[in-house]
Amino acid sequence: MVIRALVGQLNLQLTSPAGHPLNQLKQPVDFVAMIPLQVYNTLQVDTEKELLAGCKTLIIGGGPVDTGIEQALQELPVAAFMTYGMTETLSHIAVRRINGAEASSWYMPFEKVKLSLTEEGRLWIDAPLVTDGTIHTNDIAELLPDGRFRITGRKDTIINSGGVKIQPEQVEALLKPHMAGDFAVTAVNDPKFGQLLVLLLTPAADIASVKKLCLNLLPKYQQPKHIFPTPTLPHTGSGKIDRVGCRELAEVLYAHAKNARMDKARPFPEG
């Protein structure tokens with residue numbers, strides 16, 4: 001933020017790190033950067049939401065933006081952007097507008113940033129102003145001839161079920177507009193298929209309705225083989241779904257379900 005303020009000739013205002021960063025301000029600012037959780041919190045408080053509406057530019061990074069947040073930002077005049085970047089790029093190297101007439105699902109890379117895809121669809125980044133070498137990411141992407149791109153998942157989260165490779169983020173994107181509450185798509189190990197698709201749900205969702213939704217909405221190979229309710233889902237410190245934690249949780253719930261089925265199948269001992 002210091003570098004941004006110097007380059008943009010902005011007056012940097014210091015606030016303490018907080019889940020509600022704007023409650024320390026008296027008036028809107030020209031430029032503000034937040035993580036999705038901070039944006040969500042801000043939108044829940046009328047005075048903070050009014051301050052955000054008065055800001056000129058908002059950038060969001062550190063995790064995926066919920067569709068509910070994007071919809072709420074449509075009502076505000078602030079120019080809101082989602083950023084794409086990583087530690088190796090020092091900051092973000094591409095942005096996409098998420099509200100207004102210019103809203104798009106595609107990221108536009110900055111000038112001089114060149115992108116390419118491997119045969120398996122992984123995104124490679126050449127950013128000569130940042131590093132001399134090519135940055136190899138685990139992000140699976142789609143790339144247009146004009147350089148725009150969008151992320152469809154990650155190489156290290158791909159689920160291989162019976163030889164069919166499934167990107168959990170893509171399944172979640174299909175379900176998201178129709179789901180209530182928090183959920184995640186993950187997998188459990190299986191001796192026959194290698195992995196089985198699993199859907200983890202928080203109590204806000206109705207399992208019967210979700211099963212019907214999956215049958216009607218998803219291709220057969222993307223339909224979860226098991227649906228498990230859970231009080232909460234694992235998240236990282238930045239608010240992202242913890243993919244490793246979800247797989248571990250799914251394995252525990254799957255083992256409990258199998259044990260319960262075995263107990264029901266056992267005959268009661270005589271006497």
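Modeller: In β8, H136 is the bridge partner of W124. This is a predicted model, where local features need pLDDT of at least 70, side-chain atom pairs count only at pLDDT 80 or more, and totals for chains, interfaces and linings use all residues. Residues are numbered from 1 along each chain as its sequence is written, and side-chain values use heavy atoms, with hydrogens and water left out.

Colleague: How many bridges join β7 and β8?

Modeller: Strands β7 (residues 122–126) and β8 (residues 135–143) pair over 3 bridges, in the antiparallel sense. Strands are DSSP runs of E, at least two residues; helices are runs of H or I, at least four. Two strands pair if DSSP finds at least two bridges between them.

Colleague: And what is the strand order in the open sheet?

Modeller: The order is β6-β7-β8-β9, with antiparallel pairing. β6 (114–117) and β9 (149–154) are at the edges with a single partner strand each, so one side of each has no neighbour in the sheet.

Colleague: Switching to α3: which of its residues are buried?

Modeller: In α3 (residues 46–54), E48, L51 and L52 are buried (under 20% relative accessible area, with exposed over 50% and partly exposed in between; 1.4 Å probe, protein chains only). They cover an arc of only 100° around the axis, which puts them on the same side of α3; the arc is that of the directions from the helix axis to the C-beta atoms.

Colleague: What is exposed on the other side?

Modeller: D46, T47 and E50.
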